[in-house]
Amino acid sequence: MTTNYIPLDKDKHSALKVNLKHNFSFAKDTHLAATTIREFAGIASCMPIVFVKEPNQGTLHTIAMFGFEQGANLFFKDDKWQAHVMPLSIQRFPFDVRPDGDKLGVFIDEKAEVVGEEGEALFTEAGEPSEFLKTRHQMLGDIANSEIATQKFIKELQDLELLDEVQLTIQYASGQKRNVTGLTIISEQRLNELSDEKTLEMKKAGYLGAAYAMLLSLGQLNRLVQLSAESAQPIVNIQLGAPTAEDTTAAQPNA
């Protein structure tokens, strides 16, 4: 989805409202979305969770997969969101938390379809944040804190050399075959080979459960294959393996 975030300003945006009665159509073209460690348990029950590398700085981030093709969200069908879970990075729209000077600030996509003259007010007549905006502030704060925790989790996995780059080999019903690279997952073998002491440390930090949630989530790749049956490009088979030099498409998150 295309966004145009600017800092939220109580004077400039005093009359703006957000319509909560919408179908999340802004995410219909989103095939990858950011997710954080606090969400892994829920997301893993529905969607694959993998690591992708931020192209500019090379930082790894965790993302939930909605599909394999850019511009195609397999969980958005019949003009509505079909999954029983939704990453907070989708729920928080049209807001975001970003660096603003030497601190984090709340940003808004004032051009979003859900922003206008109807819905939940952002500010009271006195210019104070509304109860709705306060709840969004809390959500954004939770996301920011969880992202910090997620980066600590990723660093631990990197320090323990538990990450492997992989590719998806996709076989379409049309006969076309394509590889999707740029994905990283946890090595289950090396995770299981950790010493008892290190395993206990991982458990106490909340990292062990998160790691296994990510591993279990890979089973949801088959769910995406099933959902693709009614898409423009049905998939008949998908394999997860080591990267090759064949025709590839790099995975990049949309949110």
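This is a predicted model: local features need pLDDT of at least 70, side-chain atom pairs count only at pLDDT 80 or more; totals for chains, interfaces and linings use all residues.

Visitor: What makes Glu161 exposed or buried?

Guide: The cut-off for exposed is over 50% relative accessible area. Glu161 has 60%, so it counts as exposed. You'll find Glu161 in the loop between helix H3 (131-159) and strand E12 (163-172). Its phi is positive, about 55°, although Glu161 is not a glycine.

Visitor: Which value does phi take at Asp79?

Guide: Phi of Asp79 is near 65°, again a positive value in a residue other than glycine. Asp79 sits in the loop between strand E6 (76-77) and strand E7 (80-81).

Visitor: Why is Arg223 called partly exposed?

Guide: Buried means under 20% and exposed means over 50%, with partly exposed in between. Arg223 has a relative accessible area of 30%, so it falls in that middle class. Arg223 belongs to helix H7 (residues 221-227).

Visitor: What does Arg223 touch?

Guide: A contact means heavy atoms within 4.5 Å. Leaving out residues up to four places away in sequence, Arg223 touches Cys46 and Phe75. As for Val106, its C-alpha atom is separated from that of Arg223 by 35 Å, and the two are 117 residues apart along the chain.

Visitor: What about the peptide bond from Phe93 to Pro94?

Guide: That one is cis, with omega near 15°. Pro94 is placed in the loop between helix H2 (88-91) and strand E8 (95-100).

Visitor: Let's zoom out. How many helices and strands are in the chain?

Guide: The chain has 7 helices and 15 strands. Along the principal axes, the C-alpha atoms fill a box of roughly 60 × 50 × 30 Å.

Visitor: How much of the chain counts as buried?

Guide: Of the 255 residues, 44% do. As for contacts with a separation of 6 or more, residues 24 or more positions apart account for 73% of them.

Visitor: And how many positive and negative side chains are there?

Guide: There are 24 positive and 35 negative ones, and the centres of the two sets lie 2 Å apart.

How values were computed. Residues are numbered from 1 along each chain as its sequence is written. Side-chain values use heavy atoms; hydrogens and water are left out. Helices (H or I, at least four residues) and strands (E, at least two) are DSSP runs, numbered from the N terminus. Buried means under 20% relative accessible area, exposed over 50%, partly exposed in between (1.4 Å probe, protein chains only). Lys and Arg count as positive and Asp and Glu as negative; His and the chain ends are not counted. The place of a charge is taken as NZ of Lys, CZ of Arg, CG of Asp or CD of Glu.
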